[in-house]
Amino acid sequence: MSHKIVFLPGDGAGPEVAEAALNVLNATGAKFDIALSVESFPFGGAGIDATGAPLPEETKAACLASDAVFLGAVGGPKWDGAAVRPEQGLLALRQELGVFANLRPIKVLPGMERQSPLREEIARGIDILIIRELTGGVYFGEREEGDERASDVCTYTKGEVERVARVAFEAAKGRGGRVTSVDKANVMATSRLWRKATTALRDAEYSEINLDHGLIDAMAMKLITSPGAFDVMLTENMFGDILSDEASVIGGSIGLAPSASLGVGTRGLYEPIHGSAPDIAGQDKANPVGAILSAAMMLRHSLGNEHAARAIENAIDEAVASGRGTGDIGGDDGTQQFADHICDLVAKG
């Protein structure tokens, strides 16, 4: 039986990195005898242009009927200031899919220490998993627009905190056994609820996990000064958005960072964490590593094939360590040339 994959190429450089990831995914499927059925749909700005909506009804129906959804990127100056924006489609899709836990691995790949803005001895060996709550908080709260007064309301329930905290604790069991929960409990009521709920869940069900709490401002600083101190980092929606983008540059380029958004069951939404990079769209310059590694996460979490996921990750490690890559990480490859190289390495592996 084929796995049904919905591809949403999106906007800007999104279609380029999505195509690169699809090429690698198809090569990996051939290598490991994984049957894939892939269909593309308009989404984001492309959805607005095609139908007037960032999440067209046909696209939504296909996503809800899929085994996994892959997204290139959305947004761009073309839609800035418009009444309907591409990002609205992304928020809506997350809600429709029920993906409440966003997993963002931050690693310094072998040979990339020299590209990190941190000193090589600090950057070497960094391996952090940031788990961001994805469907609650200020991004989904009540909103009041206005020229004189505006508001964005941040709301969390105990249940929303517990379900994403459980994902973090389960992940930590397969890693270093440490979770750092990030909040602003000295100021915000939602953060005090967050801290109480995570502590109670750890005490009741995960006593083997070492849980620490940290304030967002202090953790933002420590993420740069002592990133090796972190194993799994758990936080709410807006804090996670900011921290994971901060952490992404530790590896040398935001183009290297993948993500997986998961809910109940195996269906997930997979995307590189970078934006649509409209300034380099169509130039074959965009770094496809984040997109390719997102495809590896798809194989692991939604398609249940750890060996295939590892094959892609090992190929990325080998290629980058040998000096291959796009210009943002010091290489000479174009987007598709690098993807072709990864396909060759997977096929030979």
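The largest cavity in this predicted model has a volume of about 50 Å³. A cavity is a set of points, on a 1 Å grid over the protein atoms alone, where a 1.4 Å probe fits but cannot get out. Grid points are joined across faces, edges and corners, and a volume is the space filled by probe spheres set on the points. The structure holds one cavity of 30 Å³ or more.

Before selecting anything, note that residues are numbered from 1 along each chain as its sequence is written, and that side-chain values use heavy atoms, with hydrogens and water left out. Local features need pLDDT of at least 70 and side-chain atom pairs count only at pLDDT 80 or more, while totals for chains, interfaces and linings use all residues.

**Stop 1: the cavity**

Select Tyr156, Val182, Asp183, Met188, Thr190, Ser191, Trp194, Glu236 and Phe239; they line the largest cavity. Lining residues have an atom within 4 Å of a point. Now colour strand S8 (178–183) and helix H7 (189–205): each supplies at least two residues of this lining. Helices (H or I, at least four residues) and strands (E, at least two) are DSSP runs, numbered from the N terminus. H7 gives the largest share, three residues. By class, the lining has five nonpolar, two polar and two charged residues. Ala, Val, Leu, Ile, Met, Phe, Trp, Tyr, Cys and Pro count as nonpolar, Asp, Glu, Lys and Arg as charged, and the others, Gly among them, as polar.

**Stop 2: H6 against H7**

The crossing of H6 and H7 is right-handed. A crossing is right-handed if the near helix is turned clockwise from the far one by less than a right angle, and left-handed if anticlockwise.

On H6, show Lys158, Val161, Glu162, Val164, Ala165, Arg166 and Phe169. On H7, show Leu193, Trp194, Ala197, Thr198, Leu201, Arg202 and Glu205. These residues make the contact, meaning heavy atoms within 4.5 Å. Eight are nonpolar, one is polar and five are charged.

**Stop 3: the largest pocket**

Move to the largest pocket, of about 860 Å³. A pocket is an open set with protein on both sides within 12 Å along at least five of seven lines. Centre on Pro105, Lys107, Arg175, Arg300 and Glu313, the closest to its centre of 35 lining residues. Helix H11 (306–321) is among the elements that supply at least two lining residues, and H11 provides the largest share, six. The lining has 19 nonpolar, seven polar and nine charged residues.

**Stop 4: the second largest pocket**

This pocket has a volume of about 440 Å³. Select Val74, Glu87, Leu90, Arg94 and Asp241, which lie nearest its centre among 21 lining residues. Strand S3 (68–73), helix H4 (86–97) and helix H9 (237–248) each supply at least two. The largest share, four residues, comes from H4.

**Stop 5: H3 against H4**

Lys60, Cys63 and Leu64 in H3 meet Leu93, Glu96 and Leu97 in H4.
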